[in-house]
Amino acid sequence: MSVRSQEAELEAAVAGIAGLAAGRANIPLPPFGLTVEQERDLRLRELVAAFRVFGAFGFSEGVAGHITARDPEFPDTFWVNPFGLNFRHITVSDLIRVDHEGNVVDGDRPVNRAAFCIHSEVHKARPDVVAAAHAHSLHGKAFSALGQPLLPITQDACAFYQDHQLYANYRGVVNEVDEGREIAAALGSAKAVILQNHGLLTVGASVAAAAWWFITMERSCQAQLLAMAAGSPRLVDHETAILVRDQIGSPLAGWFQFRPLWDEVTRRSPEAFQ
């Protein structure tokens with residue numbers, strides 16, 4: 001398929017998400033035909049934007065939390081935030097690149113051991129994954145303590161219907177790659193995994209998608225906690241939940257729904273991309 005054909009297919013898909021006629025609106029599309037350098041630059045810029053958004057939403061908890069992006073030229077390495085740097089202050093030049101042995105191959109700051117142990121195994125197990133996001137967000141932590149999956153009680157939660165898993169073997173701070181391997185196995189082919197007594201982890205075919213899945217999963221956890229506190233939530237039926245998941249839960253939908261947040265960072269924090 002030519003680049004133009006791919007763009008036309010994407011335009012039609014995004015138009016479908018937006019409820020528009022393809023070709024009749026100026027719809028942002030993921031870039032195609034990039035060089036390795038251009039693709040790396042895009043991933044790093046989206047990575048920094050995701051950190052800025054996570055910081056603004058209060059997803060940070062001390063030095064916990066990390067988002068990674070696979071390097072397009074050296075896919076057995078990934079870019080990640082350095083240990084102990086505030087999400088809201090991270091710039092492109094702060095990011096470090098780490099190999100699957102835990103060595104920092106680009107940058108001069110240390111890597112969070114838990115980030116290496118979890119993300120290296122997720123990236124190994126899922127070659128389709130470009131990015132993975134994990135943070136100790138409040139409602140994700142609270143919901144993870146229940147040891148149960150998200151229910152299809154809202155339109156947004158349906159994005160995860162039969163597309164997320166539970167890892168129930170919490171053993172403290174993840175300091176060993178064996179546990180990272182178990183988390184990756186629990187994730188399987190899904191877009192997210194609830195880490196019991198710990199928090200949430202999401203993955204995506206783009207940095208933007210991985211970040212968006214985390215944001216909307218955190219909010220879906222909050223919505224379910226509120227609904228359960230108020231009464232007995234009514235479920236969306238199976239057929240409708242599948243339909244909605246296909247409408248809003250695709251990799252393209254994840255990328256597209258991060259666009260307003262991307263625009264906010266690029267306009268308000270241009271220094272992030274230095």
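A salt bridge is taken here as a side-chain nitrogen of Lys or Arg within 4 Å of a carboxyl oxygen of Asp or Glu. In this predicted model, a search of the whole structure identified 15 salt bridges.

The closest N and O atoms of Glu 73 and Arg 40 are 2.8 Å apart. Glu 73 is partly exposed, at a relative accessible area of 40%, whereas Arg 40 is buried, at 17%, because the cut-off for a buried residue is under 20%.

A salt bridge is also formed by Arg 52 and Glu 271, with 3.0 Å between the closest N and O atoms. Arg 52 lies in helix α2 and Glu 271 in the segment after α9 (259–268); the two residues are 219 residues apart, and the pair again links distant parts of the chain. The relative accessible area is 10% for Arg 52, which is buried, and 34% for Glu 271, which is partly exposed.

Within helix α3 (residues 113–125), Lys 124 and Glu 121 are three residues apart, about one turn of the helix. Their closest N and O atoms are 3.4 Å apart, and the two residues form a salt bridge. Glu 121 is buried, with a relative accessible area of 6%, while Lys 124 is partly exposed, at 41%. Both residues belong to a network of salt bridges that also includes Asp 178 and Arg 181.

Terms used:
Residues are numbered from 1 along each chain as its sequence is written. This is a predicted model: local features need pLDDT of at least 70, side-chain atom pairs count only at pLDDT 80 or more; totals for chains, interfaces and linings use all residues. Side-chain values use heavy atoms; hydrogens and water are left out. Buried means under 20% relative accessible area, exposed over 50%, partly exposed in between (1.4 Å probe, protein chains only). Helices (H or I, at least four residues) and strands (E, at least two) are DSSP runs, numbered from the N terminus.
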